[in-house]
Amino acid sequence: MKKISIDPVTRLEGHGRIDIFLDDEGNVENTYFIVPELRGFEQFCVGRLAEDMPVLTNRICGVCPEAHHMASVKALDMLFGVEPPAAAKKIRELLYMAFFVTDHTTHFYALGGPDFIVGPDAPPSERNILGVIRKVGIDIGKEVIGTRARNHHVIEMLGGRGVHLTGGLPGGWSKSLSKEEIEEIKDTAKKNIDFALFSLKTFDDIVLNNPVYKELIMSDIYVHKTYYMGTVDENNRVNFYNGKIRIVDPEGNEYVKYDSADYAEHIAERVEPWTYLKYPYIKKIGWKGFVDGADSGVYCATPLSRLNVSDKMATLLAQENFERMYDTLSGKGANGRYKPVHHRLATHWARLIELLYAAEHMLELANDGEIGSDNVRTIPNGVHCLPKADEAVGIGSVEAPRGTLTHHYVSDKNGVIKKVNMIVGTTNNYAPMTMSIKRAAEKLIIKGKVVEEGLLNKIEMAFRLYDPCLSCSTHSLPGQMPLIINIKNKDGETFKTITRNSWD
Amino acid sequence: MKTVVIGIGNSILSDDSVGIKAVQAIRAAFYADESKDELKDESKKMRRKEAVEFAKVHSGAVIESASQQCFIAQRSKQSRANVKFIETSTGGINLMEHMAGFQRAVIIDAIVTGKHKAGTVFKFIYPDMPYTRNTVSTHDMDMPMALEMGKYLGITLPSEIVIFAVEAKDTVNFGENLTGEVKTAMRSVVSEIKCLLANYN
């Protein structure tokens, strides 16, 4: 059996690696996405006070500390049995919208955009954000930086710190909003809406109006028909902060809808001997391997998944764009719902629709009269133990940019942590990601003949659309992912190496 | 000239936190002897008290000789206004944004070359630099690309960027402490950067 390894050459620990195994014919037999584990996070948390968890867990990752902070503080609401006042919930959600705007903006322009705006076959030296700016114009580069700055300022203002926020407390938030702050946020939100609309128009002009790119999105290299997961509100609309977890089947029918506190009834984790990653799957359907279809428990939780599980968007302009995407890519099914979009590259489009929703909802929240209330905290009175139990349980979830994020804590009666479990956004997608990598490899390696040009990028595109957060999922902070492919023959001898971005 | 000192890493990932701890120690020493007449409000008093405590714990052993003397001599009110200290956890665009508006930058990070003994200190002058652990972001870009983008967009960025990288031993286990070798190395980095700051001023 031949083996092809795609290995980051950062020489850093905690890096990911892709192994591609060929069969005797030289065709792709299997692919493995391997990420070494970082150890001891649960151990690190055990024995600490539960109220420290929002500031500990948000240090797992430098990219999405806001998501961990929110999931954690929601878990604490349950652990302490306390309901935050309405203003506190709205402040949390407002901050969370600002976070989504920065995160989705950065992903589209720095990671996703270059493949489309500059072109998937452009030389790597041009296929980056500078290439995007050169193509779209210098003003858009300034606007990307400006959008990040404006929203980081909102996060800092509300969260107390720019990076690792401290605002979240069980039962609410540590600070109320002043009138001046609300006015500033309104201004930021309006600019965010304009920016999101511009980004969608850019996607239209450059990607959708270009038959080559449109074909790329529609091509079957990047298609997988799996279950989808996402959080929806009471009207089955996309919600990042609160609601129920909804799973739809590959045809778009609701399979289940549940409170995140019941996640363990619905989701199980598969352990494979070749990686430290755990592969979550739908428990009642079961693990059938890395395969598509309604009989396989594999599900996906991404921006596209969130739109696939929702009946509509909660804001006006996002809804218009939602309809346009589904009318273009799938249409309505027999049940009256839009059919799920299985073209995974459409995740980039979905991300922009979510960007617009986050911006619009940010403005709605800033305009909500209740958000300026001074009542932002319900002070808990110890942890909430069940009758005759000497421990308390807290489970909280939010939609992180990369998928549903769940924190689960068990504490003793004094609120000292005994057990921690987390299913982070990216982890949900490990099985689909492995499948997407395999599909891309199959199309590019046939009978031992490797389509060298573009192989790295086409495979990278397969996992880049998920924007995998290895930091979170392995609780590590690896370096960038420059790649090396080692193609090995049956005897394990390397006969070809393709590298990119070596630091030598 | 305005200088920014940036410690980068994960504060709870053992040796990965060396940059964060180093910048905390430098900042603590920098503010430790603010003269009493400057301490007009409680927050400043608190900051001084914390700084002194921190300096005792983390860098007390290396408050020494020449570098410390020149550091103290140069630590005027004016020089304090010209130096900013930042702790951060992500590289790429975020790191570039932290450098915007400064003429000089000093960055401290962990590195894993796998070829050198834990605690080995590397000093790089941008653009001659490898990937250290956290100056790149898997979600956007590496530092050189971010700086190139910033310059292209007309953002004022430092003309001089010095990167101190400490070979880490443990970047796998969660923990708040550095390993012995890296802790010792951090002290020498702290010392050298203090001297560097004094010379800048």
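Before we pick anything, one term: two residues are in contact when they have heavy atoms within 4.5 Å of each other. Also keep in mind that this is a predicted model.

Start by selecting chain B. Among its contacts between residues at least 6 apart in sequence, 79% join residues at least 24 apart. Now switch to a cartoon view: you'll find seven helices and five strands in chain B. Trace the chain from the N terminus, and the elements come in the order β-α-α-α-α-β-α-β-β-α-β-α. How many of the 201 residues count as buried? For chain B, the share is 59%.

Next, select chain A. Here the cartoon shows 16 helices and 18 strands. Of the 504 residues in chain A, 63% are buried. Its surface comes to about 18000 Å², with 48% supplied by carbon and sulfur atoms. As for contacts in chain A with a separation of 6 or more, 66% are between residues 24 or more positions apart.

Last stop: the cavities. To find it, select its lining: M229(A), I245(A), Y258(A), S260(A), Y263(A), I267(A), Y299(A), T404(A), T406(A), I423(A) and N428(A). What kinds of residues line the second largest cavity? Seven are nonpolar, four are polar and none is charged.

Notes
Residues are numbered from 1 along each chain as its sequence is written. Chains are lettered from A and ligands numbered from 1 in the order in which they are written. This is a predicted model: local features need pLDDT of at least 70, side-chain atom pairs count only at pLDDT 80 or more; totals for chains, interfaces and linings use all residues. Side-chain values use heavy atoms; hydrogens and water are left out. On a 1 Å grid over the protein atoms alone, a cavity is a set of points where a 1.4 Å probe fits but cannot get out, and a pocket is an open set with protein on both sides within 12 Å along at least five of seven lines; lining residues have an atom within 4 Å of a point. Ala, Val, Leu, Ile, Met, Phe, Trp, Tyr, Cys and Pro count as nonpolar, Asp, Glu, Lys and Arg as charged, and the others, Gly among them, as polar. Helices (H or I, at least four residues) and strands (E, at least two) are DSSP runs, numbered from the N terminus. Buried means under 20% relative accessible area, exposed over 50%, partly exposed in between (1.4 Å probe, protein chains only). Accessible areas come from the Shrake-Rupley method with a 1.4 Å probe; for residues, only the protein chains shown count as cover.
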